[in-house]
Each structure stands twice: as C-alpha cells, then as structure tokens.
Amino acid sequence: MSTTTPAAHTAAFSTARTTATAARVLRQLRHDPRTIALMLLVPCLMLVLLRYVFDASPRTFDDIGASLLGVFPLITMFLVTSIATLRERTSGTLERLLAMPLGKADLIAGYALAFGTVAVVQSALATGLAVWFLGLDVTGSPWLLLLVALLDALLGTALGLFVSAFAASEFQAVQFMPAVVFPQLLLCGLFTPRADMHPLLEAVSDVLPMSYAVDGMNEVLHHTDLTSAFVRDVMIVAGCALLVLALGAVTLRRRTD
C-alpha cells in the first residue's frame, strides 16, 4: 500500500506546473487593464517626462536616462508583483493552490515567469522609446541596454514576490517601497558617484543590486565594446534576482493571518 503524501508530489520542481501557473497569472492580467497600463506605459511616460524636463540640456538626459531606464521598470514591477501576490494570498487563492499538487517553488517560478514575460515587453518598449524616439545617446549596443533593463525588471519582480510574504495588506505592501527601493535609489550612484559618498554609505551601496544595475547601464553608455565590468554587473544583478526568488519560495505563506 502506497504511503505517498500530497507533499511528496510537490517535492520535485515541475515545468508543467510552473507554466500552468504562469498562464493563469497572465490570463488574470489580461483582464486588468489598469495593471497592464501601470507596468507597460508608466515607465515610458516617465522617460518622456524626463526627456522634456531636460529639454534645454539633452546631455543631462543622456547621463541619467540610461540609469533610469532600469530604475523605472524595477519600481513598477516591484509594486505590481507585491500587491498582486498579496491579493492572491488574502483572497485564499494561494491556500487553495498549495493544497493541490503544486509546490512553493512551482508557484514562485510561475509568477516569476508570468511577470518576467511582461517585463520583457516593458523593457523593450522603454528601451526602444528612449533610444529611437527620445534620442538617448548610447555608445554601446542598445541590446545590452535592453538586457540590463530586463534584469532590473526581473529583480523588481523578485523583490515584490519576496516582500509580499511579510505584508498583511496592500497598504503594507506599498509601505515596503521606502524600505526596499528608496535606499537603493539614493545609494546606487544615480545622483552622485558612489566613490564620492561617505565610506559607510559606499560600503552599503556595494551590496545593493541596484548599484550594479546602474553601473551596467553606464558601461553601455560609455563603452563601445562589451567590458568585463559590464559582465560582472549583469551577473550580480541576475544572481541577486535568483537569490531573492529562492528566498521568496522559502518565505511564501498560504494565507494572511
């Protein structure tokens, strides 16, 4: 007589369960035009606004536009992912899903795949708009710029999935932004070179993933060829995203108490 428990069926990661979860999330997003607009259009609108804020100084837009091309998608994906995941938990959807043959790793990977698909579209729109319509002057390949923008959006997705486990309401999920995103925004080198900061703040910035995202964008902005520093920055951002996704799978809760 078999003694296999439901948990045993979910021990191994399943590609089929992951893709089924991603398809379900994408179907839900398709019926939520406001969320789609937030994810796809807001970063583009912010870039347009930024371009004409510096209309008299195009060089300023070139200097910070590439960095913000990665920051804006990270922020929007963080907000949408954290709130959407929390809504699934508070509505009882996660509890019902995890009662089925669906492991936490399958669920987190499915969400990451769904929002990652949206991130690809978002990053492509924002990068194409900045380079070909707003005149962002990039020395390197725009495709490398797109790669960093995509990794930033995936990092925002991973952070959103992770912090949603610690929020009891959508308001609390939004409150995590000042704690998780704003310090990285201030210390990433966007406003002043990290080497010019107080040594303590520079040391903190060295362990924040957004710092390497901005560094990677600047490498593309100023170098024609693929540099070792760019490869290092991309690997760090990608590694941080994978690490945070793994932490999200560990901390995922079935429901909000």
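A crossing of two helices is right-handed if the near helix is turned clockwise from the far one by less than a right angle, and left-handed if it is turned anticlockwise. The structure shown is a predicted model, in which local features need pLDDT of at least 70 and side-chain atom pairs count only at pLDDT 80 or more, while totals for chains, interfaces and linings use all residues. Residues are numbered from 1 along each chain as its sequence is written, and side-chain values use heavy atoms, with hydrogens and water left out.

**Figure 1. The protein chain is built from 13 helices and zero strands.** Helices here are DSSP runs of H or I with at least four residues, and strands are runs of E with at least two, numbered from the N terminus. Followed from the N terminus on, the elements read α-α-α-α-α-α-α-α-α-α-α-α-α. Of the 257 residues in the protein chain, 49% are buried, a word that stands for under 20% relative accessible area, with exposed meaning over 50% and partly exposed anything in between (1.4 Å probe, protein chains only). Among the contacts in the protein chain with a separation of 6 or more, 78% are between residues 24 or more positions apart, where contact means heavy atoms within 4.5 Å.

**Figure 2. The largest nonpolar core holds 64 residues.** Such a core is a set of buried Ala, Val, Leu, Ile, Met, Phe, Trp, Tyr and Cys residues joined through side-chain atoms within 4.5 Å. The residues with the most contacts inside this core are L69, F115, L145 and V181, and the helix that gives the most to the core is α7 (residues 104-133), with twelve residues. Once neighbours within four places in sequence are set aside, L69 is in contact with L47, A126, T127, A130, L145, A149 and M217. In soluble globular proteins, nonpolar side chains tend to be buried together.

**Figure 3. Helix α4 (residues 42-53) packs against helix α5 (residues 58-90), their axes coming within 9 Å and crossing at roughly 155°.** That angle makes α4 roughly antiparallel to α5; angles over 145 degrees count as roughly antiparallel, under 35 as roughly parallel, 65 to 115 as roughly perpendicular, and the rest as oblique. Each axis is a line fitted to C-alpha atoms, for helices over the stretch in contact, and angles run from 0 to 180 degrees between N-to-C directions. The crossing of α4 past α5 is right-handed. On the α4 side the contact involves V42, P43, M46, L47, L50 and R51, which meet F61, I64, G65, L68, L69, F72 and T76 of α5. Sorted by class, the residues of this contact are ten nonpolar, two polar and one charged, where Ala, Val, Leu, Ile, Met, Phe, Trp, Tyr, Cys and Pro count as nonpolar, Asp, Glu, Lys and Arg as charged, and the others, Gly among them, as polar.

**Figure 4. Helices α7 and α8 (residues 142-163) cross at roughly 145°, with their axes coming within 8 Å.** The crossing of α7 past α8 is right-handed, and the contact between these two helices has 17 nonpolar, five polar and no charged residues. S123 lies in helix α7 and counts as buried because its relative accessibility is 0%. Apart from residues up to four places away in sequence, S123 touches L146, A149, L150 and A153.

**Figure 5. L145, in helix α8, is shown where α8 meets helix α12 (residues 209-222).** The axes of α8 and α12 come within 9 Å and cross at roughly 170°, so the two helices are roughly antiparallel to each other. L144, L145, V148, A149, D152 and L155 of α8 make this contact with P209, A213, G216, M217 and V220 of α12, a set made up of nine nonpolar, one polar and one charged residues. L145 is buried, as its relative accessible area is 0%, and beyond four places in sequence it is in contact with A66, L69, T127, V131, L136, V138, M217 and V220. Although L145 and G216 are 71 residues apart along the chain, their C-alpha atoms are separated by 8.3 Å.

**Figure 6. Two further residue pairs are shown, one with M235 of helix α13 (residues 228-251) and one with A20 of helix α2 (residues 15-30).** M235 counts as exposed because its relative accessible area is 57%, and its C-alpha atom is 9.6 Å from that of L151, which is 84 residues away along the chain. A20, with 45% relative accessibility, counts as partly exposed. A20 and G110 are 90 residues apart in sequence, while the distance from C-alpha to C-alpha is 7.4 Å.
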